[in-house]
Amino acid sequence: MGALAAGLDAGRPAFAPVTRFDVAGRRVGVAATLPGDPDLDDELWWLVDEACDEAKLGPAERAAAPLFLAVHGDPRLARSAPAERPRHGGHAFAAALARNTGLGPSRAYTSACVAASTAIADAAGIIARGEAERIVVAGGYLVEADQYALFDAGRALAADGQVRPFSADRHGLLLGDGAGAVVLESAAAAEARAADPLARLAGWGRAGDAHHPCRPHPQGRGLARAVAGALRRAGIGPGDVGYVNAHGSGTAPSDAAETLALHAALGEHAAAVPVSSTKALHGQALEASGVLELAVTLHALRGGRLPVNAGYLGPDEECALDLVLEPRAAAPAYALSLNAAFGGANTALLLGAAP
């Protein structure tokens, strides 16, 4: 979290020329990547261990905690022989990570940019129903050649090398490495072992558009329902939301639809609530987006400072929001983290300040 927090506080985009693989034949050649050639196994193993250690989970508590992992799949899958591919699928990858970190049964989520946020919502629902005391949720994505080629060929990547959410003259998204892990635990279980929670997951909502394979509904109907569901579950009104970490992909139709969704779900408060998309800083981390951006929202909630909506060039009449264009001091009681994915999937996670 330290490096991520430092980048957020500095408001400095992390995009640079891709050196991990050959991009000579691509339209766009930049992404937000770690140096060298990191291994996703190692990154996730380290992060899950760190999350469990920070939560003070001992061996017995780990063994009883399921792992929900958001991941595109084992990075070796695409290059494996057909007979070997079952060993490298998402569920096998999750099971291996659970074994290596001493956790219980595992489940894999592969639903693109809502994979991690869906895993978090599922875990929260299971805990709320009393079916588990705690669940570890992790997600990881490292920029690799195959996915990069797909986004580049589909002309989804920003040709000017910058992500400009909700801005005039925005040209698209850029990919970025991302990984994270969180421990979700019932209030009763945390209190019983004197744990110190970082925040409350006060509400969550999910909804589909069923509009287009790639584009969201033009009025953002699915995302609006997801936000409304999160507020309803938390028992709060729109005016209680003090910050929105938006999906904000930097693509023209997505940002416009998200703006309409916020106005539909929050009403008059949509014009006043501070909004930023930190994808302008760290890029689109695909399956890891939900857990990465939940950490971003947590940092804003606890740090008293809202991250900037970088890359902004000027207002777009279709994106009438109170964008955080410079670091802004704030102490929100509640903050929303929004994600959307191809296929019309939408999630909203509502964080509340720790009691």
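1. A salt bridge is a side-chain nitrogen of Lys or Arg within 4 Å of a carboxyl oxygen of Asp or Glu. In this predicted model, the side chains of Arg 129 and Glu 131 form such a pair, at 2.9 Å from N to O. Arg 129 and Glu 131 are both exposed.

2. Salt bridges in the structure come to 14. As background, side chains of opposite charge can pair when their charged atoms come close.

3. Asp 122 and Arg 206 are joined through their side chains by a salt bridge of 2.5 Å, N to O. Asp 122 belongs to helix H5 (residues 115–128) and Arg 206 to strand E7 (residues 199–208), so this pair ties together parts that are 84 residues apart in sequence. Arg 206 has a relative accessibility of 42% and therefore counts as partly exposed.

4. A further salt bridge links Asp 322 with Arg 328, where the closest N and O atoms are 3.0 Å apart. Asp 322 is partly exposed, at a relative accessible area of 22%. Arg 328 is also partly exposed, and its relative accessible area is 26%.

5. The cysteines deserve a separate comment. A disulfide is a covalent bond between the sulfur atoms of two cysteines. The number of disulfides in this model is 0, the cut-off being a pair of cysteine sulfur atoms within 2.5 Å. Cys 319 counts as buried, at 5% relative accessibility. Cys 52 is buried as well, with a relative accessible area of 0%.

6. The last point concerns helix packing. Helix H2 (residues 40–54) packs with helix H4 (residues 90–100); their axes are 10 Å apart and the angle is about 45 degrees. Angles under 35 degrees count as roughly parallel and those of 65 to 115 as roughly perpendicular, and H2 and H4 are therefore oblique to each other. Their crossing is right-handed. On the H2 side, the contact is made by Leu 40, Asp 41, Leu 44, Trp 45 and Val 48. H4 contributes Phe 93, Leu 97 and Asn 100 to this contact.

Technical notes. Residues numbered from 1 in each chain as written. Predicted model: local features only at pLDDT ≥ 70, side-chain atom pairs only at ≥ 80, totals over all residues. Heavy atoms only, no water. Helix = DSSP H or I, 4+ residues; strand = E, 2+ residues; numbered from the N terminus. Buried < 20%, exposed > 50% of the residue type's maximum accessible area, 1.4 Å probe, protein only. Axes fitted to C-alpha atoms, helices over the stretch in contact; angles between N-to-C directions. Parallel < 35°, antiparallel > 145°, perpendicular 65-115°, else oblique. Left-handed = near helix turned anticlockwise from the far one by under 90°. Contact = heavy atoms within 4.5 Å.
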